[in-house]
Amino acid sequence: MISSRLRFISSLISPVEVIADIGSDHGYIPADLLKNDIAKKIIATDISAPSVQKAIDLMEKLNLSEKSDFRVGNGLEVLNVDEADTVIIAGMGGKLICEILQNGYKNKFKEKIPTLVLQPVQQVGDLRYFLIKNDFDILDEHIFVDQGKVYQVMISRKINSEKTHSLYKIDLNNQVQIKYGTINIKKKSQVLISQLEREYDKLNALIEKLELNNIEKELIESKKIYLYQLEKVRYEISKS
């Protein structure tokens, strides 16, 4: 059964010809996309052969095998050049997603500019920073909760020429913006508001503890800078 997290990711994807799901595991997202006619063909990949077999079994059970292609391999290397219109990379660390894009994107997409649907389970800020520094535009962001855990999704596309500039505005010196994203901040969702409040209270308590125990001043100052950035973002969100 598909989880709320995977169903949410699936709901963000627009209809196209070919979708590649990198690290597909059981194949739940590809199955959901095919059942809802979001793609004419799905490429389900995973570095683990047993995981790919799970996806094969699921597609056979749902009579979706004819529209599915299954490949065992690492990252984007299993794709043919310009093969996919949309690429999903979900359920892995942000740094690993960075590595996958760094190692494979340039070789696999020469003319086509696919939509990237990226859902890191951790190191979200690392991924967002990588995208900005490597000329990927962030078109949309979402923050949501599944089973008590907060997740983020980024929709991204490569900027295709020197004449095209990103519309995504972010201060790369602002760690709160990097962690949560300026589109998420502008949306002012209750999920983000609650997350910022929890983080603010936790960090405030930590700073008090560090000061009480005479921990090195540089560490305390770095925490205070982040706390100030949190305060500023919370104030911006609170404005009507």
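1. Residues 186-220 are 83% helix and 0% strand, with the end C-alpha atoms 29 Å apart. Helices (H or I, at least four residues) and strands (E, at least two) are DSSP runs, numbered from the N terminus. UniProt, in an unreviewed entry, lists residues 186-220 as "coiled-coil region"; its positions are given in the numbering used here, feature names are shortened, and annotations may be inferred rather than shown by experiment.

2. The model is predicted: local features need pLDDT of at least 70, side-chain atom pairs count only at pLDDT 80 or more, and totals for chains, interfaces and linings use all residues. Residues are numbered from 1 along each chain as its sequence is written, and side-chain values use heavy atoms, with hydrogens and water left out.

3. The protein is divided into domain 1 (4-168) and domain 2 (190-239), with bounds from an automatic or database domain assignment. Their C-alpha centres lie 33 Å apart. In contact (heavy atoms within 4.5 Å) are 4 residues of domain 1 and 4 residues of domain 2.

4. About 290 Å² is buried between domain 1 and domain 2, and carbon and sulfur atoms give 87% of that area. Buried area is the accessible area (1.4 Å probe) that two parts lose on being put together, summed over both. Of the area that domain 1 buries against domain 2, Ile 143, Val 145 and Val 150 supply 96%, more than any other three residues.

5. Between domain 1 and domain 2 the count is 0 salt bridges. Strand S6 (residues 136-146) gives the largest share of the side of domain 1 that touches domain 2, 3 residues.

6. The structure holds 11 salt bridges, each a side-chain nitrogen of Lys or Arg within 4 Å of a carboxyl oxygen of Asp or Glu. One of them joins the side chains of Arg 7 and Asp 32 (3.3 Å, N to O). This pair links distant parts of the chain, 25 residues apart: Arg 7 is in helix H1 (residues 4-11) and Asp 32 in helix H2 (residues 28-35).
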